[in-house]
Amino acid sequence: MKLELRGITKRFGSLTANDRISLTVEPGEIHCLLGENGAGKSTLMNVLYGLYQADEGEILLDDVVQHFSGPGDAMKAGIGMVHQHFMLIPVFTVAENVMLGHEQTRGLGRLDLPAARARVREISARFGFDVDPDAVVEHLPVGVQQRVEIIKALSRDAKVLVFDEPTAVLTPQETDELMDVMRRLKEQGTGIVFITHKLREVREVADRITVIRLGKVVGEASPTAGNTELASLMVGRAVELTVHKEPAQPVDSGLTVNGLTVLDAAGAKVVNDVSFEVRGGEILAIAGVQGNGQTELTEALLGLQAKVEGSIELDGVELAGRSVRQVLDAGVGFVPEDRNEDGLVGEFSIAENLMLDRSSGAPFVRGGNVQTKALNAFAEEKLKEFDVRAASIQTPVGRLSGGNQQKVVLARELSRELRLFVAAQPTRGLDVGSIEFVHKRIVAARDAGVPVIVVSTELDEVAALADRIAVMYRGGIVGIVPGDTPRDVLGLMMAGEHHTSEGEAA
Amino acid sequence: MTAATPAAPRPSTGPIALAVVRARSWKVPIALSVFALGAVVLFIGFAAKGRTDFRFSQSSDFFRIPDLTVAAGPVAVVLAIVAVVMAAASWAIVVRGRRVHPWFTAVFAAVFMAGFLTWAAAGEQLPFTALLLGAVTLSVPLVFGALGGVIGERAGVVNVAIEGQLLGGAFCSALVASATGSMTLGLVAAAVAGVLVSFILAAFAIKYLVDQVIVGVVINVLVTGLTNFGYTSILSADPEHLNRRMTLPNLPIPLLSDIPIIGPVLFDHTIIVYIAYVAVAAVWFGLFHTRWGLRVRAVGEHPQAADTVGIDVNRTRFWNVSLAGAIAGLGGAFFTLGSVGIFTEQMTAGQGYIALAAVIFGRWDPIRATLAALLFGFATNLQNILGIIGSPVPSEFLLMLPYVVTIFAVAGLVGKSRAPAADGKPYVK
């Protein structure tokens with residue numbers, strides 16, 4: 001089935017998210033949609049899937065104009081979607097998830113679970129998946145959950161499959177397997193739209209590439225195009241894909257973590273006996289697939305976790321068991337992984353957000369009163385220093401773009417005297433320009449002699465920043481390796497394979 | 001870097017298992033110890049005198065079970081000692097790092113309750129069958145209310161308006177039954193009233209995205225005001241035609257109602273009680289075994305996922321909140337047609353909130369919620385009966401009993417329960 005989008009325009013108020021976008025996907029073709037976060041890829045796909053209605057333009061399947069008033073219509077027409085955030089009910093079984101929305105029933109209106117199980121098995125067999133139809137989805141690893149999403153789409157006879165940023169949650173090996181699955185789908189005549197911002201993946205599977213920037217198609221490229229060429233098309237200017245940094249000059253003092261264990265509310269060891277050290281002047285990157293204990297580890301460092309055992313020693317001072325206030329006063333700067341949830345108060349102005357961690361005394365508070373003059377002067381200065389693009393320091397942080405929000409967080413955390421800097425997912429959801437800036441500031445903190453911990457699920461970021469890399473898997477550290485360790489070795493470690501020696505993965 | 005990868009390991013397809021340190025929960029041993037201590041103080045400290053006579057049958061029964069008469073003092077002391085031993089055993093179990101099995105707690109509860117009844121009814125006759133019969137009867141409106149709560153919350157709408165649905169149902173059933181002379185129409189009117197109350201909840205919660213708990217509480221106040229007004233200005237003006245005393249007849253089920261104890265307790269009731277039995281089974285079967293239930297639960301767990309497979313989330317929620325209202329409204333008819341026969345102001349007396357507690361205690365499951373409702377009904381009736389036979393426990397304390405049980409049940413014994421993930425959250429695309 002041939003899919004064609006013609007002149008799709010979608011506006012939200014004054015913002016034009018999609019501006020006359022046209023593209024065609026032939027049967028048995030993998031069409032990559034490349035663009036930065038916020039370029040309008042997901043909006044376009046939601047229009048295609050019937051979740052949004054286009055203001056202008058039309059969708060054609062095999063040259064017939066379609067009108068989708070909801071996802072149900074799109075599915076009936078043969079369009080399937082594998083969402084970035086899986087659209088699976090966590091407490092349902094695989095079979096229940098696959099049948100939901102087009103349930104078959106037998107006597108007394110009972111759900112026909114045997115039929116659904118058989119369908120799951122049949123599709124699994126066709127693509128070599130190993131998925132138990134009776135497993136509860138929330139207990140499955142994300143890679144398998146994604147397969148359930150694929151099975152779900154195929155069980156409705158999808159002829160065109162849309163993959164929305166499918167590799168964000170996968171290990172490199174799982175990503176490779178997903179690429180194989182895509183190729184197999186393609187062989188069977190399925191048309192695929194593959195949305196991503198990762199250049200490596202695009203060049204590996206794409207038959208055709210359409211690049212989108214700021215809601216517009218800015219060009220088409222062939223899969224043979226180079227990384228720099230694709231990146232500059234995507235961003236609109238020449239970009240540096242690597243961070244320039246001198247070799248690390250570590251000093252002796254720094255952070256020593258010993259036997260750190262964190263229990264969650266149910267008593268599960270979400271961080272399991274972790275030991276490492278970071279010396280002043282080096283960056284330790286903590287790599288791993290999301291959800292392997294990195295969040296809890298960074299929160300434990302900051303004193304945000306309740307059940308912590310083990311020792312966290314910073315320049316000889318024990319931090320485990322201290323309150324967050326004491327940890328901050330000991331000189332720890334922290335960039336949380338979700339800036340909107342934990343890093344900023346959206347309704348507060350930039351200036352107010354810049355003093356959030358210093359509300360208890362001088363220089364910004366005297367006798368219980370906020371010293372507006374001192375605060376404003378400080379905020380103006382930081383606005384310039386960190387290149388925050390905003391109308392004024394009184395602009396609510398919630399109205400800034402992700403990149404500018406993250407710069408506000410960095411400005412606050414880096415403007416104290418630091419003895420340790422922890423940045424969790426510092427560039428998640430940022431545009432390439434902001435990523436460059438954030439990376440430069442992190443390297444600058446390192447060069448100033450601060451021990452730096454960067455937690456990232458993006459191997460590109462880990463490779464760009466790390467002097468040493470610790471890989472986490474299911475709460476434990478699989479190994480600590482040099483910063484230039486090859487990607488495939490890291491990938492195996494992220495899947496839990498213990499690293500034995502350099503260049504010889506287990 | 002696109003270097004050839006070495007043979008990739010297959011991603012494991014099994015469940016993710018982290019090492020678990022099972023935190024020892026001292027909740028059960030502490031609770032059992034408190035009760036065991038209470039047993040020692042009451043049963044031994046304030047030792048009972050005389051004999052307790054447990055009556056299992058009435059003279060009119062087809063099969064008669066002889067009464068059980070025991071010496072209250074010694075029996076209560078023995079049971080207190082058993083309770084202490086079991087409490088100690090529960091400490092030993094937890095110290096060894098194991099969990100106290102729910103059955104263990106259940107047996108302890110039975111021992112304590114047997115001791116308490118023996119002690120409290122010393123020197124008197126305790127009508128055991130009447131105790132259970134009243135428990136079932138009193139729990140009927142709670143069961144209807146809890147089913148209404150379960151359906152609403154499974155679909156993602158917190159149904160705090162159960163109280164209003166019960167009260168509205170009670171009012172309309174009395175009014176319509178009196179005015180038309182048909183109690184069947186009265187039952188229908190009760191369900192309709194519940195649906196109308198639900199419409200308000202659904203409109204504000206689903207369409208206008210107002211906080212569901214607040215809307216629910218406001219609705220309850222509104223319905224209280226409306227029915228009070230209706231009672232004083234309409235029903236009281238002409239009680240002969242608008243609030244006549246009408247009660248549904250008991251329909252004993254042949255054979256089943258002749259079984260000793262169980263028969264009179266479960267199978268000699270009005271039609272409303274039988275409807276409750278059927279409703280519990282139907283809601284359970286519907287929720288977990290039919291298309292309707294799968295969709296309701298999907299909408300309450302992950303509305304966006306339901307939307308992406310073509311389920312209209314807000315329409316599903318709207319109709320299921322309405323259905324919840326119909327069921328809870330029908331329960332309202334129990335207060336009038338099912339028992340006293342006429343409507344009086346605020347006659348539901350907070351039962352809707354107890355039903356809501358049963359929903360949580362029952363972990364959003366129709367069967368468990370029904371069992372919770374039965375427990376609350378039992379506590380209420382125990383207070384009634386002990387009040388009648390005259391017991392050493394002060395009556396003020398007895399009045400607290402149902403609510404104390406509710407608080408303990410919801411706060412302490414629920415354990416780790418998980419509400420539907422999107423419960424109380426409006427769905428906006």
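Two helices side by side

Analyst: Let's begin with helix 4 (residues 128-154) of chain B and helix 10 (residues 271-289) of chain B, which pack at an angle of about 20 degrees with their axes 10 Å apart. Helices here (H or I, at least four residues) are DSSP runs numbered from the N terminus, and so are strands (E, at least two). The axes are lines fitted to C-alpha atoms, for helices over the stretch in contact, and angles run from 0 to 180 degrees between N-to-C directions.

User: What does that angle make helix 4 of chain B relative to helix 10 of chain B?
Analyst: Helix 4 of chain B is roughly parallel to helix 10 of chain B because of that angle. The cut-offs are under 35 degrees for roughly parallel, over 145 for roughly antiparallel, 65 to 115 for roughly perpendicular, and oblique for the rest.

User: Which residues make the contact?
Analyst: From helix 4 of chain B you get B:V140, B:V143, B:F144, B:L147, B:V150, B:I151 and B:R154, and from helix 10 of chain B you get B:I272, B:V273, B:A276, B:A279, B:V280, B:V283 and B:L287. Two residues are in contact if their C-beta atoms, placed from the backbone, lie within 7 Å.

User: How many of those are nonpolar, polar or charged?
Analyst: The contact of helix 4 of chain B with helix 10 of chain B has 13 nonpolar residues, no polar ones and one charged. Ala, Val, Leu, Ile, Met, Phe, Trp, Tyr, Cys and Pro count as nonpolar, Asp, Glu, Lys and Arg as charged, and the others, Gly among them, as polar.

User: Before we go on, is this predicted or from an experiment?
Analyst: This is a predicted model, where local features need pLDDT of at least 70, side-chain atom pairs count only at pLDDT 80 or more, and totals for chains, interfaces and linings use all residues. Residues are numbered from 1 along each chain as its sequence is written, while chains are lettered from A and ligands numbered from 1 in the order in which they are written.

User: Okay, another helix pair. At what angle do helix 11 and helix 13 of chain B cross?
Analyst: The axes of helix 11 (residues 291-301) of chain B and helix 13 (residues 313-340) of chain B cross at roughly 115 degrees and come within 10 Å. That makes helix 11 of chain B roughly perpendicular to helix 13 of chain B.

User: And who touches whom there?
Analyst: B:R295, B:V296 and B:V299 of helix 11 of chain B meet B:V313, B:T316, B:R317 and B:N320 of helix 13 of chain B. By class, the residues of that contact are three nonpolar, two polar and two charged.

User: New topic: is B:T118 buried or exposed?
Analyst: B:T118 counts as buried because it has 26 C-beta neighbours inside 10 Å. The rule is 20 or more other C-beta atoms within 10 Å of its own for buried, 12 or fewer for exposed, and partly exposed in between, with C-beta atoms placed from the backbone.

User: Where is B:T118, and what is it in contact with?
Analyst: B:T118 is in helix 3 (residues 102-120) of chain B. Setting aside neighbours within four places in sequence, its contacts are B:T52, B:V70, B:A72, B:V75, B:A76 and B:L79.

User: What about B:W364? What is its phi?
Analyst: Phi of B:W364 is near 60 degrees, a positive value in a residue other than glycine. B:W364 lies in the loop between helix 14 (351-361) and helix 15 (366-389) of chain B, and counts as buried with 22 C-beta neighbours inside 10 Å.

User: Which loop holds A:Q425?
Analyst: A:Q425 is in the loop between strand 21 (420-424) and helix 15 (432-447) of chain A. Its phi is near 45 degrees, a positive value in a residue other than glycine. A:Q425 is buried, with 23 other C-beta atoms within 10 Å.
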